[in-house]
Amino acid sequence: SPRFIALCCSSSSSSDEEEQRLRSELRQRFLWTLSVMRDKLVQFDMHERVRVRARFGASDIDVLRFQVSDLETPLGVQREALLRCQDVLSCSFEL
Amino acid sequence: MLQWRDRSPQHWHEVVNHEVCVTNRDQQRFEGRVFTVDPVSASVVLVSVQENERPSVTVILGHAVTDVQILRRGTEETERQMKSVFLPDRAQILSA
């Protein structure tokens, strides 16, 4: 999986160590982003130019699904939902 | 040419702190300063600060990214500003 490739490095040469250091720095910043995003009203741009809003809850570790609350869809408000990240092109929120 | 999500951490790290234009596969463009690129999903986190507006954050999922172009290089000051927005203990950073 992408996470296995990202987190498990078989050899330990100095260039690999440097690569792993960069991975961990980038990942840590991404985790900060998710924690800032929590409980924020987030706009999700999906395929076919569909745009929905919801309160962001969490992401799974592989960034395959987002858990959201009060998802505003064209068919009504869904109290709790999981969004497949493959269906999401981008998401944005204000600080 | 390598897809964005197959690139190396070095390549992703090179765009951090710079102002970029990200194009997705629907040909939508997003401009902002790169806070990070998730090494698992290759998603790009952009911060944009407009005058008289609250800073906004956009995450472009890695599977949808087709191109990233650097527009303007960042400085130590822009890096410090971005970190102060995201770090868990903001008060500590602002007083440092």
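**View 1. A:D45 and its bridge partner.** A:D45 has A:S90 of β5(A) as its bridge partner. The model shown here and in the other views is predicted. The two strands concerned are β1 (residues 41–46) and β5 (residues 88–94) of chain A. Their pairing is antiparallel and spans 4 bridges.

View 2. In β4(B), the residue opposite A:S90 is B:I60. Here β5(A) pairs with β4(B) across 5 bridges. The sense is again antiparallel. Strands of a sheet pair through backbone hydrogen bonds.

**View 3. One sheet, two chains.** An open sheet holds 10 strands, with antiparallel pairing. Its order is β4(A)-β3(A)-β2(A)-β1(A)-β5(A)-β4(B)-β3(B)-β2(B)-β1(B)-β5(B). The edges are β4 (76–84) of chain A and β5 (65–72) of chain B. Each edge strand has a single partner, so one of its sides lacks a neighbour in the sheet. On average, neighbouring strands are turned by 35° against each other, direction ignored.

**View 4. Helices across the sheet.** Helix α2 (residues 14–37) of chain A lies across strands of both chains. From chain A these are β1, β2 (51–59) and β5. From chain B they are β2 (29–37), β3 (44–48) and β4 (56–60). The helix runs at about 115° to β2(B). Helix α2 (residues 76–86) of chain B lies across β2, β3 and β4 of chain B. Its angle to β2(B) is about 80°.

**View 5. The contact area between the chains.** Contacts link 31 residues of chain A with 37 residues of chain B. About 3,300 Å² is buried between the two chains, and carbon and sulfur atoms give 62% of this area. Three residues, A:L26, A:R29 and A:L95, supply 24% of what chain A buries against chain B, more than any other three residues.

**View 6. A:R29 and the polar links.** A:R29 forms a salt bridge with B:E79. The closest N and O atoms of this pair are 2.3 Å apart. Between chain A and chain B there are 3 salt bridges. Residue pairs in polar contact number 14 (both at pLDDT 80 or more). On chain A, the side touching chain B draws at least two residues from each of α1 (2–7), α2 and β5. The most come from α2(A), with 12 residues. By class, this side of chain A has 17 nonpolar, 5 polar and 9 charged residues.

How values were computed:
Residues numbered from 1 in each chain as written. Chains lettered and ligands numbered in written order. Predicted model: local features only at pLDDT ≥ 70, side-chain atom pairs only at ≥ 80, totals over all residues. Heavy atoms only, no water. Pairing = 2+ DSSP bridges. Axes fitted to C-alpha atoms, helices over the stretch in contact; angles between N-to-C directions. Contact = heavy atoms within 4.5 Å. Buried area = accessible area lost by both parts, 1.4 Å probe. Salt bridge = Lys/Arg side-chain N within 4 Å of Asp/Glu carboxyl O. Polar contact = N/O pair within 3.5 Å; in protein donor to acceptor, adjacent residues only side chain to side chain. Nonpolar A, V, L, I, M, F, W, Y, C, P; charged D, E, K, R; others polar.
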